[in-house]
Amino acid sequence: MRTRTIAIAACILVAAACSRPCFNDTLKLTFDQPARIWEETLPLGNGRIGAMPDGGIWKEHIVLNEESLWSGSEWDPANPEALEWLPVIRQKLSEGDNLTAQKLMYEHFVCAGGGGENPQYGKYQTLGALEISHHPIDKPVTGYHRELSLRNALANTTFKLGNGTVEREYLASIPDDVIAVRLRSSERNALSVKLSRPENASVRAEGNTVIMEGTLPSGKEEPGQPNSGMHYVCKALVYGNGHIVADADSISVDDASQTIILVASATSFNLWVYFSTF
């Protein structure tokens, strides 16, 4: 019995000794080129906001999301008739007449107002994108590597540019409730930072911050009346050791070896709580 106990203890110690490096080595997503499709981008999030960087060399495109951003507006979907048909639908199901039960359900056991076809029902919307553009340099790009550590919830992109190195790190902070991007290079370079969205957005730059905001369609717009849909704001704060200049809708950074970007967002649904401190 004692021999068996010692053997079990030895196995546990061996497993413990091996578990950490094995854990680190296996819980990673790695690529040797930028994302070619959206599914190859690296997902990061803190439960409320999310980001998916594509690891582009001269232009990084990072899709941004915020959990509460929906179009549409409140409406009453109540359908009193549905309750009256519930016993009939149940009876058809108990008789094995599933096709009739399904037909009755589609005709009578649905919400009023057209359900998902009603513009007021709305839909979830992507927040937009953070775009980081680097000035192309006439030097060969080698040693490209991109990875997401599932253990550390940290993504990075690295490559060599001539004899120099370029590194980007990305994370979604829970305590600070921001998406953070750190860009470092062994040689000083120039870049620009912008926020974008294909519709319902206005973008401007003030100081070292890019601001994007807009209002989504409520589904009940009327001519001459203000849009009552959900309003949102997204801000990208840029700082580092380079020369930072605000353009009309972007931030330019010159002569920089390290730049940090913090992205925060809020909607009228969550009452702008975050922007009291940003």
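Buried means under 20% relative accessible area, exposed over 50% and partly exposed in between, with a 1.4 Å probe and protein chains only. By that cut-off, 37% of the 278 residues of the protein count as buried. This is a predicted model: local features need pLDDT of at least 70, side-chain atom pairs count only at pLDDT 80 or more, and totals for chains, interfaces and linings use all residues. Residues are numbered from 1 along each chain as its sequence is written, and side-chain values use heavy atoms, without hydrogens and water.

**Overall make-up**

- The protein has three helices and 14 strands. These are DSSP runs numbered from the N terminus: helices are H or I with at least four residues, strands are E with at least two.
- Contact means heavy atoms within 4.5 Å. Among contacts between residues at least 6 apart in sequence, 61% join residues at least 24 apart.
- The accessible surface is about 15,900 Å², and carbon and sulfur atoms hold 57% of it. Areas come from the Shrake-Rupley method with a 1.4 Å probe.

**Nonpolar core**

- A nonpolar core is a set of buried Ala, Val, Leu, Ile, Met, Phe, Trp, Tyr and Cys residues joined through side-chain atoms within 4.5 Å.
- The largest one holds 34 residues, and Leu 64, Leu 130 and Ile 261 touch the most other members.
- Elements giving two or more residues to this core include strand E4 (59-66), strand E5 (128-134), strand E9 (179-196) and strand E14 (250-267). E9 gives the largest share, six residues.

**Aromatic pairs**

- There are two aromatic pairs. Rings of Phe, Tyr and Trp (its six-membered ring) pair if their centres lie within 6.5 Å; planes under 30 degrees apart count as stacked, over 60 as edge-to-face and the rest as tilted.
- Trp 70 and Tyr 124 are edge-to-face, because their ring centres lie 6.4 Å apart and their planes stand at 65°.
- Trp 70 sits in the loop between E4 and helix H2 (81-94), and Tyr 124 in the loop between helix H3 (98-108) and E5, so this pair ties together parts 54 residues apart in sequence.
- Trp 70 is partly exposed at 36% relative accessible area. Tyr 124 is also partly exposed, at 37%.
- Tyr 144 and Phe 159 are stacked, because their centres are 6.1 Å apart and their planes are at 15°.
- Tyr 144 belongs to strand E6 (residues 141-149) and Phe 159 to strand E7 (residues 154-161), so the pair ties together parts 15 residues apart in sequence.
- Tyr 144 counts as buried at 12% relative accessibility, and Phe 159 counts as buried at 4%.

**Charge over a ring**

- Arg 146 lies over the face of Phe 31, at 4.3 Å from the ring centre. The cut-offs are NZ of Lys or CZ of Arg within 6 Å of the ring centre and within 35 degrees of the ring normal.
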